[in-house]
Amino acid sequence: MKLRTLLVGAVAGLLLTACGGGSTPKDVTTAFVQALADGDCAKAKEMAVETAAETVQGTIDAGCTKYATTIKSVDCTESGETAACTCVEDRDGMEYTFKYDLKKADGAWKVSSYQKDFGDMDMGM
């Protein structure tokens, strides 16, 4: 009986993780980035709210093209019900940094906005 309870609990935990129910902002950010790269924008949209959901919908409307990326790092800072994450990716030998804002919605972390980090680039402004 104890083994059965343990197995049911383990399977439930795996299902929650596999469905994008990551328990940390880092997990959610990683899954979100990978879903976009895999061309699975529907999955990415499930992990998004607010501006991020609108941006993903725009990507869906444009065709949601798959692309190759390697996630080099994801670093997050939590502050209560919000988090800020920085993700560094390698795409075709070029390194890109993106900033992700997350918030808790219905008890789960969701990406609320994201944008490319231009760093110290002088944009002529």
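The questions and answers below take these topics in turn.

User: What kind of model is this, and which pLDDT do local features need?
Analyst: This is a predicted model, in which side-chain atom pairs count only at pLDDT 80 or more, totals for chains, interfaces and linings use all residues, and local features need pLDDT of at least 70. Residues are numbered from 1 along each chain as its sequence is written, and side-chain values use heavy atoms, with hydrogens and water left out.

User: How many residues does the largest nonpolar core have, and which element gives the most to this core?
Analyst: A nonpolar core is a set of buried Ala, Val, Leu, Ile, Met, Phe, Trp, Tyr and Cys residues joined through side-chain atoms within 4.5 Å; buried means under 20% relative accessible area, exposed over 50%, and partly exposed in between, with a 1.4 Å probe and protein chains only. The largest such core has 22 residues, and those with the most contacts inside it are F32, L36, A44, V56, Y100, L102 and V111. Two or more residues come from each of helix 2 (25-37), helix 3 (41-46), helix 4 (50-61), strand 2 (82-91), strand 3 (94-105) and strand 4 (108-116), where helices (H or I, at least four residues) and strands (E, at least two) are DSSP runs numbered from the N terminus. The element that gives the most, with five residues, is helix 2.

User: Which residues is A44 in contact with, leaving aside its neighbours within four places in sequence?
Analyst: A44 is among the residues with the most contacts inside the largest core. Contact means heavy atoms within 4.5 Å. With neighbours within four places in sequence left aside, the partners of A44 are F32, A35, L36 and V56.

User: How many disulfides does a search of the whole structure find, and what is the pairing of the bonded cysteines?
Analyst: A disulfide is a covalent bond between the sulfur atoms of two cysteines; the criterion applied is a pair of cysteine sulfur atoms within 2.5 Å. The search of the whole structure finds two disulfides. With the bonded cysteines of the protein chain numbered in sequence order, the pairing is 1-2, 3-4.

User: Where in the chain do C41 and C64 lie, and how many residues apart are they?
Analyst: C41 and C64 form a disulfide with their sulfur atoms 1.9 Å apart, and the link is right-handed, with 90° about the S-S bond. C41 is buried at a relative accessible area of 3%, and C64 is buried at 15%. The pair links distant parts of the chain: C41 lies in helix 3 and C64 in the loop between helix 4 and strand 1 (70-79), and their separation is 23 residues.

User: Why is the disulfide of C76 and C85 assigned its handedness, and what is that handedness?
Analyst: C76 and C85 are joined with an S to S distance of 2.1 Å. C76 is partly exposed, with a relative accessible area of 29%, whereas C85 is buried, at 2%. The torsion about the S-S bond is about 110°, so this disulfide is right-handed.

User: How many salt bridges does the structure hold, and how far apart are the closest N and O atoms of K103 and E50?
Analyst: Side chains of opposite charge can pair when their charged atoms come close; a salt bridge here is a side-chain nitrogen of Lys or Arg within 4 Å of a carboxyl oxygen of Asp or Glu. The structure holds four salt bridges. K103, in strand 3, and E50, in helix 4, are 53 residues apart, and K103 is partly exposed at 29% relative accessibility, as is E50 at 42%. The closest N and O atoms of K103 and E50 are separated by 2.7 Å.

User: Which residues does S112 touch, not counting residues up to four places away in sequence?
Analyst: S112 is found in strand 4 and is buried, with a relative accessible area of 8%. Not counting residues up to four places away in sequence, S112 touches V49, E50, T51, A52, D101, L102 and K103.
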